[in-house]
Amino acid sequence: MNDDLSLRARIEQYYATVPLLFADAEAFGPLRLFVRNQPGTPYYGGPSHAQPTAEGSAAVTAADISRVRARQRELGVPEAFEWLAEAAPTLRARIEAAGLPVQERPLMALDPDRALPPPPLPDSVTIRALTADDPALPAALALPRLAFADAGTAVGVAGRAELTAVAGELAANGTVATTRPAFRAGHKTLMAALAPDGTPLAAGHYHPANGATEIGGVGTLPTARRQGLAAAVTAALATHARDHGVHTVFLAYAEDVVARIYTRLGFRPADVTLLIANQPARS
């Protein structure tokens with residue numbers, strides 16, 4: 001990785017390269033569409049999104065957008081576009097003119113000089129990186145569905161029974177099996193905060209590429225909230241990434257209350273905004 005690149009350039013490079021771990025890029029003029037080349041959904045529900053090339057973002061036309069959307073419908077994937085606002089400042093108007101809603105996802109990056117002491121954990125709760133064959137993996141993969149279905153930080157009602165049900169669903173439909181190769185190849189790291197009986201109470205993941213990574217999918221089982229578990233998992237992910245050669249660690253957030261948690265860990269606004277049109281939850 002080129003340390004002389006700006007933070008924005010490193011993040012833009014990450015978004016352009018990490019989907020290629022799991023997908024091929026199809027060109028539609030100045031747009032590229034990531035088309036998954038293996039089973040499963042190893043990267044944020046896809047990858048199935050489109051983004052502008054570095055050279056051609058200013059030249060995107062309504063026809064280019066229409067062609068990409070037609071291909072996405074053919075593939076049966078969401079009509080999703082993802083890009084950095086500052087890298088393609090005129091694209092938002094074109095996407096909105098095509099009838100797609102746009103959501104903003106501010107980014108924060110970890111201060112590279114900031115030490116990351118582990119936040120305190122409740123008694124008997126431990127954090128570890130899960131392996132492809134870890135018995136806790138199905139439940140850890142199921143956890144984000146419950147966490148993001150009941151957004152926010154307040155204690156909710158979904159707990160272990162619901163987690164067991166969703167984990168069984170993911171095991172039965174093949175989702176768990178199709179994620180295992182990504183763990184074995186080192187393309188994905190998932191950290192979980194575990195109760196003494198091995199039940200995941202919070203989890204999150206990252207995918208490294210070119211010395212950079214985005215932390216994503218951090219969620220807490222609704223009944224286990226307000227114990228600092230999400231912060232502890234985020235810190236553990238960042239530390240694990242740093243220990244494995246990642247220099248640029250960043251993340252997106254949707255709520256200010258969550259941003260305050262990340263600020264306490266040492267993350268700072270990255271001066272770039274991730275814009276998503278019709279993109280599934282980053283879980």
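Visitor: Which element gives the largest share of the lining of the largest cavity?
Guide: That is E4, with three residues. Keep in mind that this is a predicted model.

Visitor: Which residues line the largest cavity closest to its centre?
Guide: Glu12, Gln51, Pro52, Trp83 and Leu84, out of 14 lining residues. Two or more lining residues come from each of helix H1 (7-17), strand E3 (49-52) and strand E4 (80-84).

Visitor: What makes this space a cavity and the other one a pocket?
Guide: The way out decides. In a cavity a 1.4 Å probe fits but cannot get out, whereas a pocket is an open set.

Visitor: What lies closest to the centre of the largest pocket?
Guide: Phe148, Val218, Gly219, Val258 and Tyr262, among 35 lining residues. Helix H4 (137-149), strand E9 (212-220), helix H7 (229-243), strand E10 (248-252) and helix H8 (256-265) each give two or more residues. E9 gives the most, seven.

Visitor: How do the lining residues divide by class in the cavity?
Guide: Eight are nonpolar, three polar and three charged. For the largest pocket the counts are 20 nonpolar, eight polar and seven charged.

Visitor: Why is threonine 189 called buried?
Guide: Its relative accessible area is 11%. Buried means under 20%. The value falls under that cut-off, so threonine 189 counts as buried.

Visitor: Where is threonine 189 found, and what does it touch?
Guide: Threonine 189 is in strand E7 (residues 189-194). Leaving out residues up to four places away in sequence, threonine 189 touches Ala129, Phe183, Gly204, His205, Tyr206, Leu237 and His240.

Visitor: Which members of the largest nonpolar core touch the most other members?
Guide: Leu190, Ile215, Val249 and Phe267, out of 52 residues. A second, separate core has 18 residues, including Leu33, Ile65, Ala85 and Val102.

Visitor: How do you know that leucine 190 makes contact with Phe183?
Guide: Contact means heavy atoms within 4.5 Å. Leucine 190 and Phe183 meet that cut-off, so they count as touching. Other contacts of leucine 190, again leaving out residues up to four places away in sequence, include Arg128, Leu130, Leu141 and His205.

Technical notes:
Residues are numbered from 1 along each chain as its sequence is written. This is a predicted model: local features need pLDDT of at least 70, side-chain atom pairs count only at pLDDT 80 or more; totals for chains, interfaces and linings use all residues. Side-chain values use heavy atoms; hydrogens and water are left out. A nonpolar core is a set of buried Ala, Val, Leu, Ile, Met, Phe, Trp, Tyr and Cys residues joined through side-chain atoms within 4.5 Å. Buried means under 20% relative accessible area, exposed over 50%, partly exposed in between (1.4 Å probe, protein chains only). On a 1 Å grid over the protein atoms alone, a cavity is a set of points where a 1.4 Å probe fits but cannot get out, and a pocket is an open set with protein on both sides within 12 Å along at least five of seven lines; lining residues have an atom within 4 Å of a point. Helices (H or I, at least four residues) and strands (E, at least two) are DSSP runs, numbered from the N terminus. Ala, Val, Leu, Ile, Met, Phe, Trp, Tyr, Cys and Pro count as nonpolar, Asp, Glu, Lys and Arg as charged, and the others, Gly among them, as polar.
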